[in-house]
Structure formats: C-alpha cells, structure tokens
Amino acid sequence: EETEALEEVVVVGYGIQKKASLTGAVSAITNKEIVSTKNENLQNMLAGKIAGLRITQNSSEPGQYNTYMDIRGFGSPLVVIDGVPRNNISRLNPEDIENISVIKDASGAVYGSRAANGVIIITTKKGDKTGLPNINYSGYMSWQKPSNYPDLVDAADWMILYNEKLKHNVDNSNVVPRYSAEEIESYRNGTNLSTNWKKAVMRTTAPATQHILSATGGNNFISYFTSIGYLNQGSFLKTNAINYDKYTLRSNISAKITEELLLDVNLS
C-alpha cells in the first residue's frame, strides 16, 4: 500500500486538489519521473508514463520536433503552461518542470471548448524560502543509433535487380534489359568501382549532449527560480549540415508586495 499517494497534489484547472479527493480522470507526473528518460523532445520523454496519453514520433531529424500527441485517441489536446495556453511543449527544458497533470474528461471545462480533446497542464518550478541559494547542474552525453538501417547492395547487384524489375512489366513482354551483362561484369571484376553511399554520406551514430544550470532560493518576501540550458543534437550526416543547437532561459520570480498581493513574473 502506498499511503503517501493520498497526499499527492494534482493540478486541476486553475486550482489544485489532493489525489484522494479527486473524482475526475486526471493523471499526474513529477519531474523525477519525467527526467528518468533522456531525449531532446519533452513529448518523447512522456511516452509510456501517463495512461491515455499517446505519443507518436514522426521524425528524428534534429530540431524538427515532429511528434504527434493525443489523449485517448482524440485530437491534439490543449497545453497550458503556468496558467497560459501555449503550443511549445516540445521545446521546453525538462529540468524546469515541477509537474505535469493530464486532464482526460470534463474536469478541464474551465478552459472552455478548447479543452474538448483534453488538457495538459504544465507547472514550472518556483523558488523557495530557505534564504540561501541552491545551485544545481544536470547534464548528459549520448550517442543515437538507428534501430534498423538496412545495408545497401553494390552496383552490380543493383543493376541485376533493376533488370529483373523490368521483366515483371506485364504490359510489355519484350523488355530489353537496361544494363548489359558486360556492364554488370565490369563492376564485378573491379574495372568500374562501386560506391557505398551509406558509408560515404552517413555516420553509424550521432552524438547528443545537454547541460542545464539552475539556481533556487528566496525568503519570506521574494523567491526565485532561474535556469539556463544548452542542447546540441548531431545528425547522421557527415557534413553536419542539419545539426541542431538549442538555448533556453527561464526566470520565475514571486514577490510578496503586501499581505494580500503576490506578484509573479515568469520569463522564458
């Protein structure tokens, strides 16, 4: 039994509720669970961690962030970051996030018709009242590799296969081969050289690295959280033509103006 889960706080609309008293279909995930997976795209880091949230990555090209997301098979959900509807969830710095709540039913009605496909509520980190600054560093290096990358045939085998494809043309029974036996043999015996374009153009692995530095602190009157981040994702092309660099900056400041007035300034 996990009795601690009863005290877990879940963000619902513009307020919060304890998980024990929550009746709507809402799932929550904390920063610790999010960053357990390393990826340049926050959406991909959520895959398989929240029931009902489906993630489909359509491209792995650096900087494209072409990932589709839906809740229970409906259309794209509404994304709300610190109370403001936004659409840049994929480029968020994962270390800046405190928690994510996913609303799957009418609990998101406070956001109106835009919440018909569900709502993803992201809350970023805020300062504390410890007085002394707390400085944290997070970083990683990785090498990405295709899960399936078929080898290519050489020129001689390619010409043989091309000729065989022409023979399967049912509209023309008298097909003349595109490549003669002499041409094919010239590549077999080394008279003409075949080029392995996969080896000439592509790498077998692509590097990726991320570095994040953050500071948290404050007192009874003002608190702050600030972070800077850098991400580099290499491509499989040896030319480095589509390598990707991302720089992030976030500063969340809360100031107690009076007993009844609190000022929040969130910069990203």
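Colleague: Over how many bridges do strand 12 and strand 13 pair, and in which sense?

Modeller: This is a predicted model. In it, strand 12 (residues 222-233) and strand 13 (residues 244-258) pair over twelve bridges, in the antiparallel sense.

Colleague: What is the order of the strands in the open sheet?

Modeller: The order is 10-11-12-13-14, five strands with antiparallel pairing. Strand 10 (134-144) and strand 14 (261-267) are the edge strands, and each pairs on one side only. From one strand to the next the twist averages 10°.

Colleague: How many bridges join strand 10 to strand 11?

Modeller: Eleven bridges link strand 10 with strand 11 (residues 206-218), and the two run antiparallel. Within strand 11, Ile212 is the bridge partner of Ser138.

Colleague: Where do the side chains of a regular strand go?

Modeller: They alternate between the two faces of the sheet.

Colleague: What joins strand 13 to strand 14?

Modeller: A hairpin does, through two residues. The two strands run antiparallel and are joined by seven bridges. Here Ser251 stands opposite Leu267, a residue of strand 14.

Colleague: Now a helix. Where is Lys198 found, and which residues does Lys198 touch?

Modeller: Lys198 belongs to helix 5 (residues 197-201). Leaving aside residues up to four places away in sequence, Lys198 touches Tyr149, Pro150, Asp151 and Leu152.

Colleague: Which backbone atom lies 3.3 Å from a polar atom of the Lys198 side chain?

Modeller: The backbone oxygen of Tyr149. A polar contact is a pair of N or O atoms within 3.5 Å, and this pair lies at 3.3 Å.

Note on methods: Residues numbered from 1 in each chain as written. Predicted model: local features only at pLDDT ≥ 70, side-chain atom pairs only at ≥ 80, totals over all residues. Heavy atoms only, no water. Helix = DSSP H or I, 4+ residues; strand = E, 2+ residues; numbered from the N terminus. Polar contact = N/O pair within 3.5 Å; in protein donor to acceptor, adjacent residues only side chain to side chain. Contact = heavy atoms within 4.5 Å. Pairing = 2+ DSSP bridges. Axes fitted to C-alpha atoms, helices over the stretch in contact; angles between N-to-C directions.
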